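Keep the sequence beside the structure while reading.

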Amino acid sequence: MCATCGCGTDDSHDLKELDHHHHKKIVDVEKDVLHENNLLAQRNRGYFEAKNILALNLVSSPGSGKTSLLERTLIDLKNELDFAVIEGDQQTSNDADRIHATETKVTQINTGKGCHLDAHMVLHAVQGMKLTQNSILFIENVGNLICPAMFDLGEKERVVIISVTEGDDKPLKYPDMFYSSTLCIINKIDLLPYVPFDIEKVKANAKKVNHKLEIIELSCTSGEGLELWYNWLKSKVLAPEIA
Ligand SMILES: Nc1nc2c(ncn2[C@@H]2O[C@H](COP(=O)(O)OP(=O)(O)OP(=O)(O)O)[C@@H](O)[C@H]2O)c(=O)[nH]1
Ligand SMILES: [Mg+2]
C-alpha cells in the first residue's frame, strides 16, 4: 500500500513469519528513513522559525473535514492573518483547487503510492512557495490516522481532527496520532443528533492517551464553535517583535 514507509507490504505486517535476520533488516531501514526525515524536519523547522511562520500539520482520517476547516478559516480570517497552504493527497488537486478558490497561496503534493507527507516533500514545496514573514502555513496531510503520526514535517504543532461519524473509540485505537498532537478538533457536531457518538467519551478517550491535549468541538457546516478555533489560532501567532 505505502511505498515509502512500507506499511502495506506483506513483510512488515507478518513479522512473526520472518527469521531474526530478516526482521532486523526491516527495523534498520525504518530507523534510517525516520532518521533522515527527522533531520530534514529540523531544517524545515529552522526555516519556519527564522521567518516566524507558524506551521501547523493537520491530520485526520479521510473526510473528517480538514479542507472544509481550512476553507472556512481562510475566508473568515482573510483580513487578519496571512496564510499559505500545502495540500497532501495521494492523487488529484481537488483540495488545492478548493483552497485556491479562497485566493490563498497553495501547493499540492501528490504522494502517489505513499500514505503520508514527509519532511522532504514539504521542503520541496516550501522552496517553490515564497512564504512571507509572520504568516501561518497549514499543511493538510494525507487522510490517514496511522502513518502521518511517524513523520515530523518540521511543524510547530499538530492538529488532529476527528468527526462525529467516526466513532468515539478512535483515540484509543489510533493513539499515536492523538499522543503527538496538541489540539484535537471534534468536527461535524451538527450531526450529533443523528449518530451514536458520545462526545464526553471521545474526550475522555483522547485525554487517556494524551492528558495535555486541548479539545475544541465545532461544525464547519453550521459554524458553531469556529470562534474557539480562531481564538486558539490567534493565540499561537507570535507578535513579530517577540519572535
Ligand atoms: N455535516 C457536516 N459535514 C461536514 C462538516 N465538515 C465537513 N463536512 C463534509 O465532510 C466531507 C469531507 O470534508 P473534507 O473537508 O473534504 O474532508 P477532508 O478531511 O479534507 O478529506 P480528505 O482530504 O479526503 O482526507 C465533505 O462532504 C464536507 O462537506 C461538518 O461540520 N458537518
Ligand atoms: Mg482534504
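Helices (H or I, at least four residues) and strands (E, at least two) are taken as DSSP runs, numbered from the N terminus. This is a predicted model, in which local features need pLDDT of at least 70 and side-chain atom pairs count only at pLDDT 80 or more, while totals for chains, interfaces and linings use all residues. Residues are numbered from 1 along each chain as its sequence is written, and chains are lettered from A and ligands numbered from 1 in the order in which they are written.

The protein has nine helices and seven strands. A residue is called buried if 20 or more other C-beta atoms lie within 10 Å of its own, exposed if 12 or fewer do, and partly exposed in between, with C-beta atoms placed from the backbone. By that count, 37% of the 243 residues are buried. Two residues are in contact if their C-beta atoms, placed from the backbone, lie within 7 Å. Among contacts between residues at least 6 apart in sequence, 75% join residues at least 24 apart.

Strands of a sheet pair through backbone hydrogen bonds, either parallel or antiparallel. Here two strands are said to pair if DSSP finds at least two bridges between them. The seven strands make an open sheet with parallel pairing, in the order S3-S2-S4-S1-S5-S6-S7. Strand S3 (105-110) and strand S7 (214-217) are the edge strands, each pairing on one side only. On average, neighbouring strands are turned by 20 degrees against each other, direction ignored. For such angles, axes are lines fitted to C-alpha atoms, for helices over the stretch in contact, and angles run from 0 to 180 degrees between N-to-C directions.

Consider S2 in this sheet. Five bridges pair S2 with S4 in the parallel sense, and Ile86 stands opposite Ile139 in S4. Toward S3, S2 has six bridges, again parallel, and the bridge partner of Gly88 in S3 is Ile109. From S2 the chain crosses through helix H4 (residues 94-100) to S3 in a right-handed β-α-β crossover. Right-handed means that, with the strands pointing away from the viewer, the path from the first strand over the helix to the second runs clockwise.

In a regular strand the side chains alternate between the two faces of the sheet. Both faces of S2 are covered: Phe83, Val85, Glu87 and Asp89 on one side are buried, and so are Ala84, Ile86 and Gly88 on the other.

Leu183 stands opposite Glu214 in S7, and Ile185 stands opposite Ile216. S6, helix H8 (residues 199-209) and S7 make a right-handed β-α-β unit. Helix H9 (residues 226-236) lies across S1, S6 and S7, and runs at about 140 degrees to S7.

What does helix H3 (residues 66-76) give to the shell around ligand 1? H3 gives the most to that shell, with three residues. A residue is near the ligand if its C-beta atom, placed from the backbone, lies within 6 Å of it. There are 17 residues around ligand 1, of which Gly65, Lys66, Thr67, Ser68 and Gly143 come nearest. The shell divides into three nonpolar, ten polar and four charged residues. In this scheme Ala, Val, Leu, Ile, Met, Phe, Trp, Tyr, Cys and Pro count as nonpolar, Asp, Glu, Lys and Arg as charged, and the others, Gly among them, as polar.

Single residues come last. Pro171 is found in helix H6 (residues 170-173) and counts as buried because it has 26 C-beta neighbours inside 10 Å. Leaving aside neighbours within four places in sequence, Pro171 is in contact with Phe178, Val202, Asn205, Ala206 and Val209. The C-alpha atoms of Pro171 and Lys208 are separated by 8.5 Å, although the two residues are 37 apart along the chain.

Most residues other than glycine have a negative phi. Glu103, in the loop between H4 and S3, has a positive phi of about 65 degrees although it is not a glycine. Glu103 counts as exposed because it has 11 C-beta neighbours inside 10 Å. Lys130, in the loop between helix H5 (119-127) and S4, also has a positive phi, of about 50 degrees. Lys130 is exposed, with 8 other C-beta atoms within 10 Å.
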